[in-house]
Structure formats: structure tokens, C-alpha cells
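Trainee: I am new to this one. Can we go through it step by step?

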Amino acid sequence: MKERLVRLEVLRYNPDTDTAAHFQRYEVSCPEEGVVLDALNKIKETIDPTLNYRWSCHMAVCGSCGMMINGEPKLSCHAFLREYDGVIRVEPLAHFPIERDLVTAPDDFIEKLKRVKPYLIPKAPKPISEGEYLQTPAQLKKYHRFTLCINCMLCYAACPEYGLTPKFIGPAAISLAHRYNQDSRDGGRDERQEIIASKEGVWECTFVGACSEVCPAHVDPASALQQVKIASSIDWFKEHLLPGGGK
Amino acid sequence: MSRNPLIREVPPTSWYFRHPRYLRYMAREITSLFVGAYCVFLVFAMQSLAAGQSSYEAFLVALRSPASIIFHLLALAAALYHAATWFNATQKAMPIQRGEEFVPGKLISGAHYLAWAVLSIVILFIAGVF
């Protein structure tokens with residue numbers, strides 16, 4: 001198996017001793033077809049066991065190993081070494097606090113995810129004896145793309161609005177809210193609109209589009225957010241222009 | 001073990017230099033200034049027309065000045081770029097589902113370009129260009 005010498009510059013931060021983060025250089029030999037995560041694993045196994053980072057599946061499914069690789073939010077298991085020349089700069093995901101080395105604190109994202117109620121809220125309670133909720137393939141297709149989110153937070157690291165205004169609910173959470181709003185079995189849109197149609201919701205988005213460019217699951221959060229803006233604007237016009245608020 | 005996370009601030013005035021995609025976004029936003037400036041220019045045009053013949057003729061002479069021609073070229077380039085970026089974005093904001101399939105995005109953006117071309121020809125026709 002052909003090997004290549006990989007040079008990495010990794011951002012380090014030890015919360016027990018450091019007041020600032022600093023870069024540390026490593027050189028390691030990896031298989032030609034390897035990914036950045038392989039290089040980090042080799043470093044941890046053979047050079048520096050103190051290096052901290054998150055990973056799990058190594059197949060772009062779990063969404064754990066997101067990092068900034070040469071300034072681009074990427075899953076490190078999906079960043080092929082052959083695509084990089086020279087020193088590869090590896091940093092924790094932008095816009096999130098650094099817990100330790102490449103590990104970030106996702107608390108803010110998790111909190112926002114909870115707020116948008118990303119689960120089915122049935123229109124009316126239905127006993128199990130009445131059977132399942134039926135859905136046509138067309139109804140499924142309407143929201144299917146937005147179900148593919150793996151909560152990797154790359155879109156938050158790419159979104160300058162989230163970096164500048166951390167109260168912004170953000171791309172993944174709003175896309176998931178939109179996913180359930182679009183579901184024919186769901187009746188929870190009004191509850192979610194209170195969060196996602198607010199000032200800190202979709203109106204913080206200025207359509208930079210970076211979220212969709214970096215999304216490894218091709219969810220296209222920018223599309224979801226623009227659709228939410230249009231739907232929310234229609235709500236506003238109905239409420240203010242139609243008799244009875246369009247209800 | 002207590003937590004001591006490191007917060008990194010985003011530079012509020014220089015963040016868009018961090019990546020070419022942010023510069024492209026800023027370029028799109030800045031072109032709106034030219035679109036706005038041209039609206040103000042049109043208001044001046046109407047004002048000079050309302051003020052009488054001599055005022056309007058002076059305005060027409062000013063239109064032929066090098067500064068005016070440069071402004072028009074810049075505003076045209078900015079308006080074209082601005083319009084193209086938004087037409088390309090329409091397929092994201094307004095997906096159309098027919099049965100189980102979505103209408104191809106290029107068709108949605110293409111329809112906007114077509115409408116743009118048709119309206120431009122109509123306006124040029126009304127203006128007596130043809």
C-alpha cells in the first residue's frame with residue numbers, strides 16, 4: 001500500500017493550563033488513500049496520545065468528526081489527504097467554544113435543536129387501534145431531503161451570521177423544523193413558527209448560502225430557510241390583510 | 001473536571017476575508033448599493049422632467065458626460081450581477097413539486113431569466129428603441 005508523508009498543523013488547547021490556543025506541528029506517514037481522520041488517529045496512536053478530537057463511524061454518517069480543515073468546515077473522515085498539498089491546518093469547528101484541542105462544546109446547538117421541537121406533533125391524538133398514519137410517496141418526497149441532516153454542525157461553522165449573532169437559531173435547527181412543518185402527518189407548525197419565524201429565527205439569515213455549500217449530507221439548509229421566509233411572509237400578509245387573520 | 005471552554009470572537013469588520021464564498025456574498029450585497037443609487041438617479045430624472053423643458057434638456061446634456069457614462073456602466077454591471085445571483089437563488093427559495101418529482105432548478109431559474117428578457121424587450125419597445 002502506497003504511503004505519503006502528511007504534515008499537519010493542529011490547534012491545541014488545554015483548558016487546565018492554557019489561556020489561549022496554539023498550533024502544534026506533526027509529521028506522519030499515512031496510506032495514500034487515507035483521510036485527515038486517519039492522520040489524526042496515527043498521530044494519537046504513535047506520536048501524541050494527548051491529542052483530543054471526536055469521531056465515531058469513519059463513514060460520514062455519524063457527524064461527530066467535523067473540523068475546520070484549511071479553513072473549510074469538513075468531516076475529517078471525508079477529507080481525503082490526496083486533495084491537500086503542503087501543511088494541512090486542522091482547527092476545531094468555527095463559531096463554537098473549544099472544549100479541548102479539536103473538541104468543541106455543542107451545547108448551544110443542542111439547546112436550539114430542542115427549542116424547534118424536531119419531532120412529529122400529531123394534529124389530533126389518535127389511539128394505536130386506529131392504525132398508522134398514512135403518507136403518499138409524493139408527501140414523503142416533499143420533506144425527505146431535510147431528513148438527511150446528521151447534526152454535524154458544519155453549517156453552523158460555515159454560517160457567518162451565526163458567528164456574528166450567536167442567538168441565531170441557525171441552519172440545521174431551522175431546516176429540521178421545516179422538515180416537520182412539511183410533513184403531512186404533523187400539526188405542530190404554529191408551535192415551531194413562534195421560534196423559527198422570530199427575529200432570532202429565520203430573519204437573521206441573509207442567504208450567504210455557505211451552509212448548503214458545506215453540508216456533507218446535501219440537505220440544502222439555505223433552501224429550507226428561504227422557504228421558511230416565504231411561508232412566514234405569507235402568514236404575515238394573511239394575518240394583516242385578510243379578514244379574521246386568514247384563519 | 002471543571003469546564004473552561006475557549007470562546008473565539010468573530011472579527012465583526014473583516015470576517016468576509018476568511019473565505020472566497022464570503023467575498024462573493026459581500027459582492028452581491030454591495031451591488032445593491034448601485035441598484036439603490038440608480039433609483040435615486042431616476043428620481044432626479046423625474047424631478048428635472050417635472051421642472052420644465054430647459055431643466056430636462058440640461059439633464060440630458062449631463063447624461064452624456066463621461067462621469068454619467070461611467071456611472072451607468074457600473075450600475076448596469078452591478079444590476080446584472082445582482083439580478084443573476086437572485087435568479088440563480090430562486091430555485092432554492094421556490095422549489096416546485098409535480099407529483100413525486102421536483103421541477104429541475106434550472107427550469108425555475110431559467111423561467112426568471114426568460115421573463116427578464118421579455119420584459120426588457122417590452123420596455124425597450126415602449127421606449128422606442130425598435
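Predicted model: local features only at pLDDT ≥ 70, side-chain atom pairs only at ≥ 80, totals over all residues.

Mentor: Residues are numbered from 1 along each chain as its sequence is written, while chains are lettered from A and ligands numbered from 1 in the order in which they are written.

Trainee: Which elements give two or more residues to the side of chain B that touches chain A?

Mentor: Contact means C-beta atoms, placed from the backbone, within 7 Å. By that rule, 20 residues of chain B meet 26 residues of chain A. Helices are DSSP runs of H or I, at least four residues, and strands are runs of E, at least two, numbered from the N terminus. The elements asked for are α1 (20-50) and α3 (66-93) of chain B.

Trainee: How far apart do the C-alpha centres of domain 1 and domain 2 of chain A lie?

Mentor: The bounds come from an automatic or database domain assignment. Domain 1 of chain A spans 3-104 and domain 2 spans 107-246. Their C-alpha centres are separated by 31 Å.

Trainee: Which strand gives the largest share of the side of domain 1 of chain A that touches domain 2?

Mentor: The contact draws 14 residues from domain 1 of chain A and twelve from domain 2. On the domain 1 side, β3 (66-69) and β4 (72-75) of chain A each supply at least two. The largest share, three residues, belongs to β4(A).

Trainee: How many residues of helix α6 of chain A are buried?

Mentor: Buried means 20 or more other C-beta atoms within 10 Å of the residue's own, with C-beta atoms placed from the backbone. Helix α6 of chain A covers residues 171-181. Its buried residues pack against elements including α9 (221-241) of chain A. The count of buried residues is eleven of eleven.

Key
Contact = placed C-beta atoms within 7 Å. Buried ≥ 20, exposed ≤ 12 C-beta atoms within 10 Å, placed from the backbone.
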